[in-house]
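Work through the exercises below with the sequence and the coordinates at hand. Each task is followed by a solution in steps.

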Amino acid sequence: MTCIDRRDLGLLLLRLSTGGVLAAHGAQKLFGWFGGGGIEGTGQAMEAMGYAPGKASATAAGLAEAGGGTLLALGLATPAAGAAAAGAMAGAAAVHVPNGFFAQSGGYEYTASLGLAAAGLAVTGPGRLSLDHLMGHTVNRGWMVPIALGTTAAVTAVVVGVRNKRVRAAREGMQEALFDE
């Protein structure tokens with residue numbers, strides 16, 4: 001047995017903080033905890049943001065955040081957990097892109113940071129202070145990383161693309177006529 005080094009401790013802290021924040025965000029969506037809207041309220045918000053159907057979108061985002069965040073914090077199934085959380089954050093970032101980068105003006109800074117931290121953990125692995133390590137890395141193999149991230153990237157690109165198309169169509173429908181007939 002080897003002693004725990006500072007890399008393992010650093011990965012533990014990163015997993016706990018990133019995973020904990022993601023799990024809390026997901027709990028807001030799924031259960032209405034921490035001032036969240038629950039499935040109903042979040043579903044309505046998702047519809048307003050262009051993600052339809054709203055309840056299904058809220059459930060998918062909530063599960064990716066709560067499930068992915070919890071698994072990241074535990075260091076279990078790290079490639080899948082990090083990929084799921086990163087995908088959810090990419091979907092959230094798409095909503096904030098029109099507001100620029102910084103969060104204080106409604107930008108995507110925060111969601112991008114969470115998503116990149118989750119993706120980084122998927123790539124790096126959980127370290128030795130994790131359930132993955134304790135279980136012999138049965139659900140944390142190197143070949144799982146590109147599959148998890150690639151699959152999530154493809155699904156996220158489709159979902160965000162459909163959402164962006166829906167938002168553009170709604171904007172075009174609201175545009176005033178340029179000329180009177």
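Predicted model: local features only at pLDDT ≥ 70, side-chain atom pairs only at ≥ 80, totals over all residues.

**Exercise 1.** Compare the span of helix α1 with the expected value, and find which of its residues are buried and what covers them.

Solution. 
- Step 1: Helix α1 runs over residues 6-31.
- Step 2: With 26 residues, α1 reaches 36 Å from its first C-alpha to its last, which is close to the 38 Å expected at 1.5 Å a residue.
- Step 3: The buried residues of α1 include Leu11, Leu12, Leu22 and Leu30, but also Asp8, Arg15 and Lys29.
- Step 4: The cover over the buried residues of α1 includes α2 (38-49), α3, α4 and α5.

**Exercise 2.** How many salt bridges does the structure hold, and which residues are linked in a network of them?

Solution. 
- Step 1: There are four salt bridges in the structure.
- Step 2: Asp5 and Arg128 meet through their side chains at 3.6 Å, N to O. Asp5 is in the segment before α1 and Arg128 in the loop between α5 and α6 (131-134), so this pair ties together parts 123 residues apart in sequence.
- Step 3: Asp8 also forms a salt bridge with Arg128, at 2.7 Å, N to O.
- Step 4: Asp5, Asp8 and Arg128 are therefore linked in a network of salt bridges.
- Step 5: Asp8 is buried, at 2% relative accessible area, whereas Asp5 is partly exposed at 36% and Arg128 is partly exposed at 25%.
- Step 6: Glu65 and Lys29 form a salt bridge with their closest N and O atoms 3.0 Å apart. This pair links helix α3 to helix α1 across 36 residues.
- Step 7: Glu65 is buried, with a relative accessible area of 3%, and Lys29 is buried, with 16%.

**Exercise 3.** Which residues form a nonpolar patch on the surface?

Solution. 
- Step 1: The patch consists of Phe31, Trp33 and Phe34, with about 400 Å² of accessible area together.
- Step 2: Of these, Phe31 lies in helix α1.

Technical notes: Residues numbered from 1 in each chain as written. Heavy atoms only, no water. Patch = residues over 30% accessible without salt bridge, like charges linked within 9 Å, V, L, I, M, F, W, Y side chains within 5 Å. Areas by Shrake-Rupley, 256 points an atom, 1.4 Å probe, with all protein chains shown as cover. Helix = DSSP H or I, 4+ residues; strand = E, 2+ residues; numbered from the N terminus. Expected span 1.5 Å × (residues − 1). Buried < 20%, exposed > 50% of the residue type's maximum accessible area, 1.4 Å probe, protein only. Contact = heavy atoms within 4.5 Å.
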